[in-house]
Amino acid sequence: MESFEEIADEEVPKEPRIYVSQSLRRLTREILATKTQNCFTQTKRTEITMIQIAFSIGLDSIWRFPYLCHRNGGGSFILVYFFMLLLFGIPLLYIEMIMEQWLRVDNVRIWKQLVPWLGGIGYASIMVCILVSLYNSVIIVWSLSYLSHSFDHPLPWNECPLVKNINVTDLSCLRTVSHQYFWYHTTLSASGHIEEGVKALVLHLTLGIFAAWFLLFLIMITGLKVSIPMLIFSVFLLYILLCLFIRSLFLEGAIASLRRMVTIELSAWASLDLWRQAGSHVLYSLGLGMGTIINLSSCKTGGSNYAQVASLMALVNLVTSLLATSIIFIVLGFWAATSGHACVEKGVSKLMKLIDDGVLPQDAKPPENILLQPPLDYLDWISNLPRHLQDQVIRFSPSCSIKAQKEKFMEGPGLAFAAFSQVVSLFPASSLWAILFFLTLAVTELSTLIRILEGIVVPFQNSIFRNYPQLLSGFLGSFVFTSRPGSYIMSLFDDRLVPLTLITIVAFQNVALAWIYGAKRFREEISSELGHFLWSFFTFLLCYMTLPGLLALLIICLIQLYQRVPPYYIAWNSSVTQEVKQPYPQNTLGWVTFLSILTLLPIPVHPLYQWWHLQDHIASERFEKPLSKKMPLAPIKHFAWPKHRLVKSNFKMQEGNSESSLKAFSLTLDKGPDVVPLRQSNLPSSVTSQDSSWLSLPRISSLTSMLSIRSASLVPSRQVSPISTEIDNSDKHGETKENHKKSVQ
């Protein structure tokens, strides 16, 4: 017995220990699962935030901003750009990020849900994305062209290219820096004016377009993830830019160039062109109006960090733009400091050294008083040399401009490529630096273009197309930019067409959200997503600050486009070896008008389509099933405006709760005017409406949706037009059913 009791005493406390152990294990598993899920969610949020920031480091910050800043006076442009970035850049970016996380739909359906009659805004954004992707693809080709030449040693843009037939016109390489000469003659094979038309394509650019679109096609077909590579190359690009900036600080005239960059000239603010280009670049650089921000995230970032993320995106974009612009301004100052007499002195010194070393004959010795004469006399002396000596002198001449240059040396879109090619050639192992830089540049632009294409493909897959390879075949129009005047056509798209359409679309979005849907209503709806109300100044900013600014930019664009003096573009004049301003011909501006109307056409067409479809739907319901003679025709009664809150017609059904949401929606309608507020029901928060202006179009469409669902719940022989349907109480609805049974019997 004692042994049995001892065994019993030992076994009794073991049972609760086993039970506690199992409970602890279960609790531990739940805690670990929760921590793992939270860790995964936090990692996903961080990844999405980093992708959004990497998306802001596009080629527009490195390629577009610097030449716009240089063309419009440096510091004056930077200050106006910063002002517009705070005025409507960051607020509109913040709104697009919140809208995507709130409704969780693509760019087309989001406007159909908020303002159904302005659902064409999403299709207009797709059209703008198509235009941007067409000419952005040629920028990738330019990067690939420089990348292919980076494997040569020495780098080909550091010296004048070899020529077969030497004549006076071949001295054009000595009249400018070799980097600008390489850009226009080797990379572009540019013509003298845009009127030449698309007669022949440049072979290497055409092959580059094929390669670029093949890579894009392959990535989108196979579904390769580009998020992590984009992050890597974006960070790597910032490091390379920082290294280039440090190296450029040791160039001649660097401090003076930076001082000129930050100098503000108040007279420059009188130029409407400065305000137009600064405002349009704010929208372009942040991706506003193109749907790229709405289609960017794949899961909720949650919390209230939208303002921080939007501000961080704008800050990173601005810092990248200023860093690239600083490098380019320093290079421009270096070119100006080493031009004219300084270039002649450098050339004479190099020729004398080559003659002393026996590389060149004594006949190539310059005159003794050549340094006392104008720089153009040095070019005349070279042109009078025998042909075999001309070839050698041109080959060994330094990469500087013989002609005296002004501060504004190069204003065309190729400024960034020419300037960066100059900086990378100053490093030891310059070919390796050139390969790294232009490879990173090409991959970064490729990733940006993929994000733009997702804004085209995803909405089309959800609505029209099921196979995006058929859609990508329509981008053969980008071959027009590979012709000899292709860079001028690209400037037309980038400087005139895209800004006009982009500003118009963003203005329509602002009107739809602030005045039709209602800024106060939007603020209250978003409060459930954020957990707190937005800043009260937000509604004032959305209604009375951003919209007037956008309308002012739109008026400036129209004035600049249709003024008496036609706008100009930067062309290359090979006879004088410099850039010249050429006016756009009238037929070219006519194409801008036609393409802008075609791009914005979905905005007025969509409400007409909605109205026509509504009329057909009403007519089909009236005459689809004739009423029985035994049943008296119900009199048409005009309905009164319902006292309870209405809901939007086009709300997003959740995948697993679509049937339950529809039942809850029907029960809510049957309760009549004493309905419970939708915020307390089981419906998603995105389908409720708390406040609205008297212009709110969703009220009309939501009423039509309610009446349609109401009529669907009735007996089939009782169905009538949604317009003539009356919203009854539950008691009246029961009496109607009893009367109907009696009449049938």
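1. Let's start with one cysteine. Cys69 has a relative accessible area of 0%, so it counts as buried, the cut-off being under 20%. Please keep in mind that this is a predicted model, so every value here is computed from predicted coordinates.

2. Now step back to the whole chain. The protein chain has 745 residues, and 51% of them are buried. Its secondary structure consists of 27 helices and 2 strands.

3. Which residues touch the most other members of the largest nonpolar core? They are Trp142, Phe420, Phe437 and Phe522, in a core of 172 residues. Helix H4, which spans residues 75-103, gives the most to this core: 18 residues. There is also a second, separate core of 24 residues, and Ile355, Leu360, Tyr378 and Val393 are among its members. As background, nonpolar side chains tend to be buried together in soluble globular proteins.

4. Phe420 deserves a visit in the viewer. Leaving aside residues up to four places away in sequence, Phe420 touches Ile62, Leu241, Leu244, Ala324, Ile327, Ile328 and Phe437.

5. Next comes the disulfide. A disulfide is a covalent bond between the sulfur atoms of two cysteines. This structure holds 1 disulfide, formed by Cys343 and Cys400 with their sulfur atoms 1.9 Å apart. The link is right-handed, with 80° about the S-S bond. Cys343 sits in helix H13 (residues 341-356), while Cys400 is in the loop between helix H15 (387-396) and helix H16 (415-424), so the bond ties together parts that are 57 residues apart in sequence. Are these two cysteines buried or exposed? Cys343 is buried at 1% relative accessibility, and Cys400 is buried with a relative accessible area of 2%.

6. Finally, look at the surface. Trp515, Trp535, Phe537, Phe540, Tyr544 and Met545 make a nonpolar patch there, with about 640 Å² of accessible area together. Helix H21 (residues 537-544) gives the most to the patch, with 3 residues. Met545 lies in the loop between H21 and helix H22 (546-561). Its relative accessible area is 31%, so Met545 counts as partly exposed. Cys543, by contrast, is buried, with a relative accessible area of 10%.

Notes:
Residues numbered from 1 in each chain as written. Predicted model: local features only at pLDDT ≥ 70, side-chain atom pairs only at ≥ 80, totals over all residues. Heavy atoms only, no water. Core = buried A, V, L, I, M, F, W, Y, C linked by side-chain atoms within 4.5 Å. Buried < 20%, exposed > 50% of the residue type's maximum accessible area, 1.4 Å probe, protein only. Helix = DSSP H or I, 4+ residues; strand = E, 2+ residues; numbered from the N terminus. Contact = heavy atoms within 4.5 Å. Patch = residues over 30% accessible without salt bridge, like charges linked within 9 Å, V, L, I, M, F, W, Y side chains within 5 Å. Areas by Shrake-Rupley, 256 points an atom, 1.4 Å probe, with all protein chains shown as cover. Salt bridge = Lys/Arg side-chain N within 4 Å of Asp/Glu carboxyl O. Disulfide = S-S within 2.5 Å.
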